[in-house]
Amino acid sequence: MGSRRGGMLYAMMVLVLCSTILVRNYRLFRSHIYIEDGIYSMDVRVNDFLMELEGMESYLNSIYESPDLLMEFLKTGRKIVYKDFTLSYDSSYNRVDVHMISVLDRRINYYRSVLVTEDADQIVLVNKGV
């Protein structure tokens, strides 16, 4: 009788071990799927923001003649509203030759840092954050 009971105990331990391995592998597989979906959605959001930056550039170029005029306007504490975005002065990054602005995406309430540069008398916006 002792060997049969020991055999049943051994079989139960093997079944528990196999089930824990299966559960762990399933969770690991699902977590990779979630991570890949998250990375893909982040890529899509960044790409969409870069497309919106082009529209912001043309909008700002139609109003302001140079980045200096834009920065003078923003340094007074005023904000620019463009579609679902709010542009404001970001004082934490600015130096004499570097002009940074904060762009708030009001749809998802997310701030991004954007570098303001000039190219052939046109305002150029460069995304510096994710």
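Is Asp84 buried, partly exposed or exposed? Asp84 counts as partly exposed because its relative accessibility is 34%, where buried means under 20% relative accessible area, exposed means over 50% and partly exposed lies in between, with a 1.4 Å probe and protein chains only. The model is predicted, so local features need pLDDT of at least 70 and side-chain atom pairs count only at pLDDT 80 or more, while totals for chains, interfaces and linings use all residues. Residues are numbered from 1 along each chain as its sequence is written, and side-chain values use heavy atoms, with hydrogens and water left out.

**Salt bridges**

- The structure holds two salt bridges, a salt bridge being a side-chain nitrogen of Lys or Arg within 4 Å of a carboxyl oxygen of Asp or Glu.
- Side chains of opposite charge can pair when their charged atoms come close.
- Arg107 forms one of these bridges with Asp84, and the closest N and O atoms of the pair are 3.8 Å apart.
- This pair links distant parts of the chain, 23 residues apart, since Arg107 is in the loop between strand 3 (99-105) and strand 4 (110-119), whereas Asp84 is in the loop between strand 1 (80-82) and strand 2 (85-89).
- Helices (H or I, at least four residues) and strands (E, at least two) are DSSP runs, and they are numbered from the N terminus.
- Asp105 also forms a salt bridge with Arg107, with the closest N and O atoms 3.1 Å apart, and Asp105 counts as buried because its relative accessibility is 5%.

**Strand pairing**

- Strand 2 and strand 3 pair in the antiparallel sense over five bridges, where two strands pair if DSSP finds at least two bridges between them.
- The bridge partner of Leu87 in strand 3 is Val103.
- Strand 3 and strand 4 pair in the antiparallel sense over seven bridges, and in strand 4 the partner of Ile101 is Val114, while the partner of Ser102 is Ser113.
- The hairpin of strand 3 and strand 4 has four residues between the strands, and in this hairpin Asn109 takes a positive phi near 55 degrees.
- Strand 4 and strand 5 (residues 122-127) pair in the antiparallel sense over six bridges, with Ile123 in strand 5 as the bridge partner of Glu118.
- The hairpin of strand 4 and strand 5 has two residues between the strands, and here Ala120 takes a positive phi near 55 degrees.

- Strand 3 is mostly covered, as seven of its seven residues are buried.
- His99, Ile101, Val103 and Asp105 point one way from strand 3, whereas Met100, Ser102 and Leu104 point the other way, and all are buried.
- Ser102 counts as buried because its relative accessibility is 12%, and its side chain is joined to that of Asp90 by a polar contact of 3.3 Å.
- A polar contact is a pair of N or O atoms within 3.5 Å; within protein, one must be able to donate a hydrogen and the other to accept it, and residues adjacent in sequence count only if both atoms are side-chain atoms.
- Of the 19 residues in the largest nonpolar core, Met56, Leu87, Ile101 and Leu125 touch the most other members, a nonpolar core being a set of buried Ala, Val, Leu, Ile, Met, Phe, Trp, Tyr and Cys residues joined through side-chain atoms within 4.5 Å.
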